Every structure is written in C-alpha cells, then in structure tokens.
Amino acid sequence: MAGSPQYTIAALTDRGPGVSITKPGRDTKVLAVDEVFIEARAEDDYGIKQLELVYSVNGGQQQTLPLYRANTAAPKEITAGHTFYLEELNLKPGDFISYFARAADTNPAADSKSKTTDIYFLEIRPYGREYRQAEQQGGGGGGGGGGGQQGGDPQQEL
C-alpha cells in the first residue's frame, strides 16, 4: 500500500536531554564559610528519568548527589538544586570544588541517552586582603586648596 505523498513521516533519533546549570551559571570565588546554591535544569521529549549533580573537591574522588529521580511519570522538564555548606567541607583558601550536572532521559529504547553540562568551579578565596599605601620617598606633595577665604579683609570681597 502506498503512503500519502501529502504527509511525510520522518523518524528522528533521540538526542538525549538538554541539561544546564542555571545558578550560579559561571565560575565563582567564595569564602570557606559560604553557602552556595547550585541549580540545574533538564528537559527532554521523552521525559527526565534522573538529574544529578556531580562534584569533586580539589580534584579528588567524584561525589554524585541525586537531585531528581522519576518514580512513575517522568516530567519533560525539571529544575532542581543543592546547597553546598562549604564550612562542612573544611576548605582553605586556594581549594576548589569542580561540579557539573548530568541528566538521563526515559527513552524506552536500549539507546537511552545521558548528557552532562560544562564543568564549573567554586574557588575558595581568602577572607580579607590588606591594602596599604606604599611609602613615599622624599617629601610628599602638598597642595590641596582650602575652599575657604583667601586672606584679607572679608569687607574687600564685596
């Protein structure tokens, strides 16, 4: 039986979910006592099976935090987050946390896809920086005019 030339049906391959980090969405310098909220977003035409945050402290062992796992009905779009309490990680200035998000779709075919975001970094910065004026050699410049009267009798300035 010949198909209708008026309506073409094209089968598309599954490209996997779209996944992104929405907050903070860039590399960030933080203090060792900060609380940093990381938010990830995923979308897929089949639905999102899981969304995870993967992180590593100073290039060490990767840790995986589940942000979302579908039980029955998988949404086509999900946004979830995690707050890092940096004080609990015993970090010092110069340390860093690298992180990315990973999402998997619910495609029932054997070639179900998983995608990841770019990698981002939280760099631990020092608490304070001391700034002081460099010592000047020789006698410093004077100057600076006063905004007041310039001597003489105030009666003359009428």
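Strands (E, at least two residues) and helices (H or I, at least four) are DSSP runs, numbered from the N terminus. The model is predicted, so local features need pLDDT of at least 70, side-chain atom pairs count only at pLDDT 80 or more, and totals for chains, interfaces and linings use all residues. Residues are numbered from 1 along each chain as its sequence is written, and side-chain values use heavy atoms, leaving out hydrogens and water.

**Exercise 1.** Work out which secondary structure elements the protein has.

*Solution.* Begin with the totals: there are zero helices and nine strands. Next, read along the sequence, and the pattern is β-β-β-β-β-β-β-β-β.

**Exercise 2.** Find the largest nonpolar core and the residues with the most contacts inside it.

*Solution.* First, the term: a nonpolar core is a set of buried Ala, Val, Leu, Ile, Met, Phe, Trp, Tyr and Cys residues joined through side-chain atoms within 4.5 Å. Buried means under 20% relative accessible area, exposed over 50%, and partly exposed in between (1.4 Å probe, protein chains only). Now look inside: the largest core has 26 residues, and I21, L51, L86 and Y99 have the most contacts within it. Strands that each supply at least two of its residues include strand 1 (18–23) and strand 9 (120–124). Finally, zoom in on Y99: leaving aside residues up to four places away in sequence, its contacts (heavy atoms within 4.5 Å) include I21, I38, L53 and F121.
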